[in-house]
Amino acid sequence: MSSSFPKSKCFVYLRRSQDREDRQAYSLEKQDQQVRQIITDNNYVAIHLPPEERSARYLGRPIFNDMLERIEKGEARYIAVWQLSRLSRNPIDAGRIIYMLDQGSLLAIHTPTRTYRNTPDDKAFLAIELAFAKKNNDDLSVQVKESFEQKRNHGEYPGPAPLGYYNAIISPGHRNIVPHQENAQKIIRLFQKAASECYTLHDIWLETEKLGLRSKNGLPLAKQTVVGILKNRVYTGVFKYGSPEYHQGAYEPLISIEIYNKVQQVMGWAHKRNVPHTTAGRSYPYKGLLLCGTCNFNITAYTKPKTLSNGSEAYYEFYTCTKKSKTVKCTESQISAKELEEAIKSKMSEFEISEEDGKTCLRLIEGLFDSHIKNQQRYREIWEKDRRDAKKALEVLDEKLETGVIEDERYKSRSNRHRAVLARTTQLLESSYQDAERWLELATEVFSSVTNLGVVFEQAEDTERRELMKYLGLNWTLSDRKVALTPREPLHLLHISNRNQSWRGGQDSNLRPIGYEPTALTTELPPLVVRLGGLLFNFTSSATHDLVKLVKEQYKPKYNRCMRYN
C-alpha cells in the first residue's frame, strides 16, 4: 500500500566556509554521510545541491537562496542538513526559515539529532538553536580578533606570509614569518632597482620575470601585484594586519625604511606635504594671490641664480604669468620680487590713513556711539511706557471682542496698530546697546587696521603680508608692472579717489564736531561710519516713518511732547 504513494522530495544542503577551507576539508564528506542516513530513514527522494562555500554569517549565499526560492515554488518541502549552523548564522536568514516553516511552505528540517516541524515547541527550539549559532559565530569573531591583537603585540605577523617570507613555527605556540631562502633576495633586488631612479614601473615589472618571481600559484606577477609589493611596509619590519595602526614586527626585515621611502618618492607614491606657495622647495609669499591682468591666468614665481664676480652665487626671485591661455597671447613681462613688493605697498598706501587721522576718526565714532547711547537712555522710559500701554490696550480689545462689543474687522484694525507699537518698542528695548557696541567694535577695527597700512606691510613677515592682502581686498591682478584689486566694503570708501577735498567740519546733519578740521584725511566720515556696521542709528528708513505716523495717530498727546521715534 505504502509504495503507491509518491515519495516526498527533500533538499540536501551541505556547506563549508571558504575562509576556513583547510579546517573543513573533511567536513563535507562527514556532512554527506549523515545527511544520506536521514534521507534513507525517512524514505525521501533527495535533491542534491552543490556544496555551498560561502560563510553563513553574511547574506547573499546563492545556493541557499536558490533552495528557498524552489521550496516556495513547491519543488520540495523538506530540508536535510548536518547542523542548523549550516543553514544560518545571521538573523535575516534565520527569520526566513522560521517564517517559511510557520507558513507551511516548508514542512520540516531534519538534522541527525532532531526534526523541526511547524509546532510551537519545535519552532521555539529552532529559533534558540539558530540564535546560538549566531552567538557562536560572534564569539568566534571576538576570539579571532583577540588572537590577532595578542599576536600583533608580540610582533607576530598573524596572516599568510607576503611574497619573500614564509610562515614558520618559531617556538611552541608561536608562529611568525621568516625570510624565504630564494625569494627574499629577489624582493631585496627589486627594491634596490626601484630606488636607483634608473627603472620605470614597467621595467621593474619585467625584471620580476627575469628574477623568476612567481605568485603562490606559480603564475607570473601582475603589474599591480608588483605595485603592492613596493608599497608594502611589511618588508621594513612593521605591519598593521587587521589593525589601523602599525606594529613593530619581531621578524627580520628585508629592507631599511630609507630604501622604502626612496622607492615611494621615485615612483611618485609618497604622500607629499601640502606646502603652499612653493616652487622647487622655495617659498614665495605672493604666489597664488595674483592673476595676470591680460590673460587672467595665475602669476607664478621662480628663483634665478647668478654667479657674482667673487665666485659666490646670488639668488633673485621673479614673478611672471604662467601664459597658459590658448586664446589670449599674453605679453606681460616678469617682475622682480622687490619691485612687486613696492607695487603692493604703493597700492595699500592708497587706502591708509595717518596715525593722527586714525585717532580723530576713533574720537568721532566714539562720540557718535556716546550720543546714540544717550538718546537711547532718554527714550527708554518712554518706550517702556508705550509698550505697557500697548499691552493694556490689546487686553481691553480682547475683552471687548469676547463680550461682542467690537466687531472682528474693527478689532483687527485696532489690534494691528497696537501690535506694531508693541513689536517696535520691544525691539528697541532689547537691542538698545548690543547693536551699537558691535558697530563700535567693527568701526574701531577698520580704522585701526588701515592706520599706516603701507608701513605695516613693509615691516610685516611674509605670512602677515599675505593676510593683509586678503584683508584689504580680492581679485589681485598684476598688469604692466602694477597691481590692482577689488577692495572689500567698506574699505573702498577709504580709497584716496573717494576723498572729498572740499569737506569741512561744521554743525550739520552729518553730526561732525563743531570746528573739526581734518588734516590728511578728507573722507566724508559719517557715511563711512554708518556703513561700517550696517546700522542706521538715526532711524530714517521708510518703515520707521510709517511707524512714526502710526504712533502719532495712536498717542497724539504724548507724541507732541517728545518725538520719541525720530
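**Note on aromatic contacts**

1. F64 has a relative accessible area of 0% and is buried, since the cut-off for that class is under 20%. The model discussed here is a predicted one. Y13 likewise counts as buried, at 0% relative accessibility.

2. The structure contains 10 aromatic pairs. One of them joins Y13 and F64 in an edge-to-face arrangement, with 6.0 Å from centre to centre and 70° between the planes. Y13 belongs to strand β1 (residues 9-13) and F64 to helix α2 (residues 62-72), so this pair ties together parts that are 51 residues apart in sequence.

3. The ring of F64 has a further neighbour: R61 lies over its face, at 4.0 Å from the ring centre. A charged group is also placed over F125, where the charged end of R114 sits 4.5 Å from the centre of the ring.

4. Y165 is buried, with a relative accessible area of 5%, and Y235 is buried at 1%. These two residues form a stacked aromatic pair, 6.1 Å centre to centre with 20° between the planes. Y165 lies in strand β6 (residues 165-171), whereas Y235 lies in the loop between α8 (223-231) and β8 (238-239); the pair therefore ties together parts that are 70 residues apart in sequence.

5. Which residues do ring pairs link into a cluster? The members are Y157, Y165, F191, Y235, F239 and Y251. The stacked pair of Y165 and Y235 thus has both its residues among the members of this cluster.

Notes
Residues numbered from 1 in each chain as written. Predicted model: local features only at pLDDT ≥ 70, side-chain atom pairs only at ≥ 80, totals over all residues. Heavy atoms only, no water. Phe/Tyr/Trp six-rings, centres within 6.5 Å; stacked < 30°, edge-to-face > 60°. Helix = DSSP H or I, 4+ residues; strand = E, 2+ residues; numbered from the N terminus. Buried < 20%, exposed > 50% of the residue type's maximum accessible area, 1.4 Å probe, protein only. Lys NZ or Arg CZ within 6 Å of the ring centre and 35° of its normal.
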